[in-house]
Every structure is written in structure tokens, then in C-alpha cells.
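Open the structure in your viewer and keep the selection tool at hand.

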Amino acid sequence: MPRSHDATPTHCPYCALQCGMNLRPHPEGDGPGVTVEERADFPVNRGALCGKGRTAPALLSSRVRLTEPLVRSRPGGPLVPAGWDEALDAVAAGLTRTRRTHGPDAVGVFGGGGLTNEKAYALGKFARVALGTSQIDYNGRFCMSSAAAAHQRAFGLDRGLPFPLEDIPRTGCVILVGSNPADTMPPALRYLTELKEAGGTLVVVDPRRTRTAELADLHLAPRPGTDLALALGLLHLVVAEGRTDPEFIAARTTGWEDARAAAMAHWPEHVERITGVPVPRLRRAVELFSAPEAAMVLTARGPEQQAKGTDTVGAWINLCLATGRAGRPRSGYGCLTGQGNGQGGREHGQKADQLPGYRKLTDPAAREHVARVWGVDPETLPGPGRSAYELLDALGGDVKALLLMGSNPVVSAPRAAHVEERVRSLDFLAVADVVLSETAALADVVLPVTQWAEETGTTTNLEGRVLLRRQALTPPPGVRSDLEVLHGLAARLGLDKGFPTAPEEVFAELRRASAGGPADYSGITYDRITAEQGVFWPCPDGSPGTPRLFLDRFATEDGRARFAPVTHREAAETPDADYPLLLTTGRVVAQYQSGAQTRRVPELNEAAPGPFVELHPRLAARLGVADGAPLAVTSRRGRAVAPARITDAIRADTVFMPFHWYGEGRANTLTNPALDPVSRMPEFKVCAVRVEPA
């Protein structure tokens with residue numbers, strides 16, 4: 001712990017930038033106990049913070065957070081305060097009862113992309129060793145899984161950005177697809193403004209004219225769900241205009257002829273009819289991307305949260321490969337990871353099909369290695385389980401009990417009203433969280449856990465830079481860490497060893513478990529992270545780390561990147577007479593994810609007090625609604641009501657809702673759980689709706 005006058009260098013608890021900040025002790029009764037100060041030496045944000053980061057200590061106040069366990073003494077009764085032994089006993093009893101009656105796979109575990117690497121690792125180990133269940137996944141499945149699958153398919157390795165953020169201003173052109181960093185990660189916007197100041201160009205692909213799109217040299221506004229056709233149309237023009245890089249294609253890729261043939265079936269006029277983007281703007285995008293020596297494509301949730309998200313990202317990767325903009329300095333494809341540890345959270349075992357180090361659960365050698373680290377027989381490790389939505393959909397059916405850490409699926413999952421019904425139908429639910437979220441309020445046992453400023457642990461930001469959050473405060477007496485929770489539960493399930501509570505001890509085991517895997521952390525230590533402002537994986541023991549991937553070879557068996565022969569297909573739902581419009585969803589600058597944390601911060605609530613429906617003036621006129629009037633948005637899954645926000649910054653055939661709220665304005669009541677066949681990503685970003693005055 002720091003001395004009373006010292007500031008503790010650490011990182012923001014929110015998005016995948018993991019901005020550096022200093023926390024200085026500032027005791028004030030039951031207030032947060034620390035104030036945020038600039039940390040200008042950290043290279044990612046260079047001292048800049050958004051409103052969420054500046055106000056993050058507000059959640060440390062005992063006025064808004066959980067400070068003691070809660071137990072529901074009888075079905076349908078209220079949650080009442082309890083001691084830790086009583087609460088942990090109740091959780092262990094609920095899980096044990098379910099396992100004995102229905103088998104280990106009747107117990108599910110659901111994690112979160114905000115958990116530290118140590119927690120994610122321990123949670124995956126707990127599910128497979130202590131519970132013996134295959135039924136574990138996490139909410140990061142809803143964020144980056146399509147990009148991860150496309151990364152693996154094309155490059156043989158998934159790391160959100162294969163280069164540091166500092167390379168972005170040094171390239172010649174960036175195509176930014178379905179991302180609005182002005183709202184989702186404001187300190188990152190400087191990299192795009194610096195790109196333009198250095199003479200580079202910015203192309204933004206988004207159905208809305210966002211604050212980020214207003215910075216662009218060219219804004220393409222496709223109909224939601226048509227990003228795949230758009231990418232194929234751009235590749236068609238690259239081929240037709242002789243802008244490919246034949247030497248790069250021949251030397252460093254495979255599969256070009258099939259991908260080329262698929263793209264040539266998407267001629268410009270056809271793509272204009274599908275996307276609504278005029279042919280001259282398609283040609284201009286190709287010109288801007290192809291003219292400089294180096295260029296990048298960066299995607300986010302827009303193209304990824306679709307039932308064809310893996311193929312869509314694959315098409316954008318094809319554009320990079322065909323033009324030689326991958327595996328070279330200042331060029332490449334990258335995914336802007338969303339959650340605070342969305343990258344690390346998908347590397348160390350809380351995914352349904354994965355073991356630590358990004359190893360495959362179906363690989364016998366991987367099972368042997370990890371089992372040896374864990375001291376168990378590899379034959380006892382369960383196989384792959386259900387993906388996130390499929391796991392939630394199975395609650396109350398095959399899955400009777402659930403242990404949930406750091407997630408709020410009652411707000412964040414697609415078809416949320418149905419998911420809420422499934423959660424309510426469980427025989428037993430235990431939730432570990434920092435606040436009483438809408439999901440926690442349904443639990444049989446709620447366990448109050450430590451927050452970012454009260455614990456030490458590592459996260460991995462969107463660059464693949466492993467960082468160290470440091471403890472700046474002592475947690476309240478009634479609060480324990482997630483590692484202590486798992487230790488206490490494991491002991492009650494008969495495992496007195498194997499689940500340490502010290503984060504650095506857990507990280508040392510994680511290093512051994514990841515050694516030799518695709519995401520090798522074996523050369524990373526807390527001391528190195530501190531000395532080097534983070535260490536980029538892969539980092540085998542003795543390695544300096546890898547800030548830039550693929551410069552010599554790709555991570556495939558033959559060292560070549562693989563083109564994906566993809567073709568456009570429609571969204572799972574398209575408009576019809578009953579549901580004539582399209583809904584897309586996203587975030588606003590002052591709220592974060594399900595809002596469980598940010599909706600408890602007065603300053604953020606004042607800036608973004610509730611949901612809204614963004615619609616074009618022509619649509620508003622046709623409906624006869626004024627700005628601020630209540631609108632009902634109805635899909636095949638349900639109905640949401642929120643005030644109208646009229647703007648010409650959105651397509652006339654599309655409405656937009658932010659997804660941070662529960663209640664009648666819950667946007668995910670409407671969204672479609674249709675799944676990508678590879679990544680199992682739900683189609684959050686497009687569904688058919690009708691809109692009418694409420």
C-alpha cells in the first residue's frame with residue numbers, strides 16, 4: 001500500500017484503452033477516498049481522460065456500492081444482509097446440490113471482459129477443475145468474437161491490434177469501420193486527429209454521422225447489415241483499377257484466386273443498390289486507401305456484431321491483403337477491442353472452447369500442458385461448452401444453477417426480456433459484483449467484491465500491452481476479492497489448494513500455463529510491466545515482447561496469411577411490411593456497457609440521463625412526432641419506449657438506440673440473437689423494427 005501522501009500509478013477501470021492515471025489518497029468519510037490525477041508518462045493516453053475515467057472513483061463510495069453479502073432466505077423473499085461464511089456456504093450448497101442431482105454440466109459459469117487476467121484465469125480453472133463443468137463463457141463473446149475468429153482464420157493469431165496505437169498517425173490512410181471513438185474511447189481520438197495533421201486521410205464507415213465521422217475526409221453511410229457487401233465492392237474496384245500488390249499476394253498469402261472471384265461478383269452498381277453508398281464514393285474510398293504507401297483498416301462492433309460478422313471482418317482483411325497492407329510497417333488490419341480486459345479476458349480460459357494462453361480446449365497437447373500445471377489428469381478436463389447466448393438461453397433448462405462474475409446480461413444480452421426470464425427460472429443464481437446490478441438483484445446470493453482501485457492485477461489493452469493495475473485503497477471490511485471468493489468456494493467444494501488469493505501468485509501460474517501457447521505470457525512479470533510501461537505479448541521467457549506482429553511471417557503453419565472467399569448475404573432480418581425499418585444500437589460518451597456502474601455516477605447521469613430513439617427528420621415527419629416525444633420501437637422480440645431525438649445525422653431508413661438502460665427503454669429487448677456460425681456472435685447491430693408514437 002502507498003504511503004498516505006503518495007499517488008499510486010494505475011489504470012482506468014473502463015474501456016480497452018486502459019488509460020493511465022494516478023490515484024492520490026483523499027479520505028472523506030464514506031466518499032471514494034481517492035482523487036484522479038493526470039499520468040502524462042503513460043504512452044497510450046498521455047494524461048488524457050474521458051469523463052468516465054475522471055469520475056471512476058465515485059463508484060468506490062459506500063453510498064453506491066455493495067459492502068456486505070446478501071442472501072435470499074426463501075424463494076421470492078427479499079435479499080437480506082449475511083455474513084461471508086453464510087453466503088459462501090449457501091453458494092457452495094447450491095452448486096453442489098445441482099451437480100449431485102443433475103450432473104456437472106447443469107452448473108454454468110458466466111464471466112466478464114472487465115475481470116483481470118488473474119480473475120479470468122482463476123474462473124476458467126474453477127469451472128473446469130472445481131466444478132467439472134463445460135458450461136462456461138463470458139460477455140466478451142458479445143464484443144470481439146467475430147474479429148477474433150477472422151483474425152485466427154486469416155493470420156493464425158488473434159490480437160486486437162497487431163501494432164501499437166502510436167503507429168496510427170504514421171500511416172497514410174485509415175478506414176474506420178463501425179467505430180465511434182469520439183464517444184466510446186475519447187482519448188484515442190487524438191490518434192486520428194494526429195493522422196490528419198500529418199497529412200494522412202480518414203475514411204469512416206457508419207450509418208450515422210457521428211462525431212468521429214465528422215472528422216473524416218470521407219464518410220460512407222451504408223445500410224446497417226451491409227458492411228460485407230461494401231468491403232467486397234471496394235476489393236472489386238481495387239482489382240478492376242489495378243491497385244493490387246501481386247508480389248505481396250504471391251509471397252505472403254494463400255487463397256487469392258477464390259477471394260478475387262468472390263469479390264468480382266460484387267460490382268460497384270450492385271454494391272450501391274445493396275448498401276446505399278453511391279459508386280463515386282466507393283471509388284473515392286479506394287483511391288484514398290490505395291494512394292499512400294501504408295494504410296490500415298480498423299473495425300469495431302458495427303461490422304462485428306452481425307450474424308455474418310466473421311465473414312465481414314474477413315472481407316476487410318482481404319482488402320488489406322490484396323493491397324499489401326498487412327505484415328508491413330504502419331499497415332494492417334486491427335480490431336478496436338471494447339471492454340477493459342476484453343483482450344486478456346479472451347486469452348486465458350473463461351471462453352467456452354479455450355484454455356489459458358489462447359490454447360484450444362480440443363487440442364490434446366494443450367490439455368496435457370495445462371493439466372500438468374493444474375496438477376490434474378487431462379482426461380478430467382471437460383470439453384467445449386455453449387457460447388454466451390446459448391448458455392443464457394439454456395438457463396432453467398439444461399443449466400439449473402449459475403455462478404456469474406462481472407456481467408449484467410439482463411441488460412446487455414440480446415433478446416434481453418427472454419434472457420431475464422431464463423435467469424429468473426434458475427434453481428440457483430450467485431452473483432459476484434461491485435454493485436447491485438439488475439442481474440444481481442435476481443440472485444439467491446450476492447457477493448460484494450473489490451474494485452479496480454482496491455486490488456492489484458493485470459489487464460491487456462487493445463494493443464496487446466499487458467498492464468498492471470495497482471491497489472491504492474484498502475477495501476471496506478465487508479468486501480472480498482474475486483480471487484478470495486473462488487478460494488473460499490473451492491475449499492468448500494473439497495479443494496484446499498490450487499486457488500491462491502494473491503494476484504501475483506495467480507499470475508505466476510498463468511505464466512506457466514500460457515508458456516508455449518499463442519498468447520504466451522511466460523516472460524512477463526509485474527516488475528517488467530512496471531519498468532516498461534507494459535509488455536506486449538507474445539512474450540516467451542527471455543523475449544523483449546512483440547509490439548508489432550507479422551512483420552516477418554504470419555502465425556499460420558506456412559507463415560502465409562489466408563484470404564477468405566466470402567460473399568454478401570442479407571442480415572438475419574430484413575425490413576418488411578410489419579417491420580419496415582432497421583434498428584442499430586451503440587453507446588453514448590457518458591455511459592458504459594450495461595450502465596450498472598456509470599448510471600450510479602451523478603455527473604455521468606446528468607450528461608446522459610436515459611435512453612432515446614434517434615431518427616431522421618423525414619421519418620419523424622411521416623410519423624408526426626416532435627423531438628422529445630415518446631416513441632415505441634417494436635421488433636419480433638418485444639417493445640421499447642424512449643424519447644425521440646430527431647437528427648439528420650442518421651439514415652432515413654434506420655433508427656438508433658443506446659443500450660445502457662434497463663426498463664421500458666431497454667434497447668436489447670429488441671435485438672436479434674441470431675448467431676454467427678463461426679464466432680457465435682449475436683446480431684446486435686441490425687434488426688427489423690416498426691416505430692410509432694407511444
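Contact here means heavy atoms within 4.5 Å. Helices (H or I, at least four residues) and strands (E, at least two) are DSSP runs, numbered from the N terminus. Axes are lines fitted to C-alpha atoms, for helices over the stretch in contact, with angles from 0 to 180 degrees between N-to-C directions.

This is a predicted model, in which local features need pLDDT of at least 70 and side-chain atom pairs pLDDT 80 or more, while totals for chains, interfaces and linings use all residues. Residues are numbered from 1 along each chain, and side-chain values use heavy atoms, without hydrogens and water.

Select helix α2, residues 84–102. Helix α2 lies across β4, β6 (107–111), β16 (401–405), β17 (428–433) and β18 (445–448), and runs at about 130 degrees to β18.

Next, show the open sheet of 7 strands, ordered β5-β4-β18-β17-β16-β6-β7 with mixed pairing; two strands pair if DSSP finds at least two bridges between them. β5 (79–81) and β7 (136–138) are at the edges with a single partner strand each, so one side of each has no neighbour in the sheet.

Zoom in on β4, residues 70–72, which 3 bridges join to β5 in an antiparallel arrangement. Here L70 is opposite P81 of β5.

Where does α4 give the most residues? Select 145–155, which is α4: this helix gives 4 residues to the lining of the largest pocket, the most of any element.
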